[in-house]
Amino acid sequence: MATSSGPRDINDLLTGASRAQPPRPPQASPIATPPPAAPPLAAQPAVAAPATRKGTFILTEANDDALHRLSFYTPGPKGEKSYLINKALEAYLAQFPDSQRPIPEGEDVRRRGRRHH
């Protein structure tokens, strides 16, 4: 059960009024000063992208519109709809311990849109 300060459901994560606004780029100042020189950074090892599965989901019009607006105002790869949906779903599922429990061996589980109980 969600607390009063947390989202009630996935819709709150995407359209909730209490959600913080995405960061805005800094405003250009009239007098541009060059940024201080930073020491060169060591090359970071490549991070493997998480495994993905393609899925088709039907969104409500309100959620689709809100997702489209958020992706428009979020710069870079973090503005991609798949990234935003995965982050919202990750936060939502973190509230439910059963989402992290493995399903016992031998259970008849169908992955494609059918419930297993």
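Ground rules. Residues are numbered from 1 along each chain as its sequence is written, and side-chain values use heavy atoms, with hydrogens and water left out. Because the model is predicted, local features need pLDDT of at least 70 and side-chain atom pairs count only at pLDDT 80 or more, while totals for chains, interfaces and linings use all residues.

Start with helix H2, residues 61–73. Helices here are DSSP runs (H or I, at least four residues), numbered from the N terminus. H2 has 13 residues and reaches 19 Å from first C-alpha to last. That is close to the 18 Å expected at 1.5 Å a residue, taking 1.5 Å times one less than the number of residues.

Which residues of H2 are buried? Asn63, Ala66, Leu67, Leu70 and Ser71. Buried means under 20% relative accessible area, exposed over 50%, partly exposed in between (1.4 Å probe, protein chains only). Down the H2 axis, the buried residues fall within an arc of 135 degrees, so they line one face. The arc uses directions from the helix axis to the C-beta atoms. On the other side, Glu61, Ala62 and Phe72 are exposed.

Now Ser71. Ser71 counts as buried because its relative accessibility is 15%. Ser71 touches Gly79, Lys81 and Leu84, leaving aside residues up to four places away in sequence. Contact means heavy atoms within 4.5 Å.

Last, Ile85. Ile85 sits in helix H3, residues 81–93. Ile85 counts as partly exposed because its relative accessibility is 35%.

Notes. Helix = DSSP H or I, 4+ residues; strand = E, 2+ residues; numbered from the N terminus.
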